[in-house]
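Open the model in your viewer and keep the selection tool at hand. The tour begins at the ligand and moves on from there.

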Amino acid sequence: MKHSPLLQAKNLRYSFNEAGIPTHVLKDVSMELLPGEITSIVGPSGCGKSTLLYLLGLLDRPDSGDIFLHEKDVLKCDDQTRTVLRNHKLGFVFQFHFLIKELSVLDNVALPMRKAGHSATTSHKKARNVLDKFGLLDKASRFPHKLSGGEQQRVAIARAIINSPSLILADEPTGNLDSENSKIVYSVLSKLATEENISVLLVTHNIELAQSCNRVIRMRDGRIIE
Ligand SMILES: Nc1ncnc2c1ncn2[C@@H]1O[C@H](COP(=O)(O)OP(=O)(O)OP(=O)(O)O)[C@@H](O)[C@H]1O
Ligand SMILES: [Mg+2]
């Protein structure tokens, strides 16, 4: 069965302005992501990978180009609609997990549901389900600093999927981990793609992980080169 793309980006251009002088960071980037696929982005430091993820994550707008999410032209949406889309359709995982240290693992994972307006009971129930799936249920009442780096990153992934997103954007999620934990985090992400039909876009400097993905996008100097 041929799937229609979950996300399409067309001719994205983006520049930073410093003292009125533009630096062109994305020069003409077009790409598609399919549901159920894990795709990696690789390329030298500074080539624009994180910037691209920011735009695809609706955290910023390109200077020109188009982004379609579920065939919806997201650049034409107002900020409120974009926030709703971001909270419901997208999950983010970063190199440093950004768990809230004052909250238990359970509360960290439940937070996006609480923000979306669900009750504590409903959010905690779903958070327990997700933690169970990741083999972390016994850590639910712990605080993040009492977990290993790999466990913390798995909690961050659990938090990213609690609202059942259709796309996970992961910026070097294993950048801070040893090779064993990197493999575990990768296998959690690739399982989410296969079993839950989520699309995963993974920026990584780890060539072995990149090549394990369904597809590798190579960037250089603000462009996709293959
Ligand atoms: N706030 C900013 N103001 C000006 N230039 C910026 C800003 N943020 C990033 N840049 C520049 O934009 C370019 C792309 O940065 P980006 O963070 O997307 O690179 P990257 O491919 O993710 O690199 P890395 O692998 O090191 O994370 C770099 O040249 C960077 O210096
Ligand atoms: Mg980066």
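The shell has 13 residues, and the closest are Ser 45, Gly 46, Lys 49, Ser 50 and Thr 51.

This is a predicted model, in which local features need pLDDT of at least 70 and side-chain atom pairs pLDDT 80 or more, while totals for chains, interfaces and linings use all residues. Residues are numbered from 1 along each chain as its sequence is written, chains are lettered from A and ligands numbered from 1 in the order in which they are written, and side-chain values use heavy atoms, with hydrogens and water left out.

Next, show the polar contacts of the ligand (pairs of N or O atoms within 3.5 Å). At Lys 49, an N or O atom of the side chain is 2.7 Å from an oxygen atom of ligand 1. At His 205, the corresponding side-chain distance to a ligand oxygen is 2.9 Å. For Cys 47, a polar backbone atom is 3.3 Å from an oxygen of ligand 1. Taken alone, the ligand exposes 640 Å², of which the protein buries 61%; these areas come from the Shrake-Rupley method with a 1.4 Å probe.

Colour β1 (7-18) and α1 (49-56), the elements that give two or more residues to the shell. Helices (H or I, at least four residues) and strands (E, at least two) are DSSP runs, numbered from the N terminus. The most comes from α1, with three residues.

Within β1, select Asn 11. Its phi is near 50°, a positive value in a residue other than glycine. Most residues other than glycine have a negative phi. Asn 11 is partly exposed, at 41% relative accessibility. Then go to Leu 58, in the loop between α1 and β4 (64-69). Leu 58 also has a positive phi, near 60°, but is buried at 2% relative accessible area. Buried means under 20%, exposed over 50%, and partly exposed in between (1.4 Å probe, protein chains only).

Last, select β3 (residues 38-42), where five of five residues are buried. Ile 38, Ser 40 and Val 42 point one way, Thr 39 and Ile 41 the other. Four bridges join β3 to the parallel strand β8 (residues 199-203), with Ile 38 opposite Val 200.

Conventions. Pairing = 2+ DSSP bridges. Near = heavy atom within 4 Å. Polar contact = N/O pair within 3.5 Å; in protein donor to acceptor, adjacent residues only side chain to side chain.
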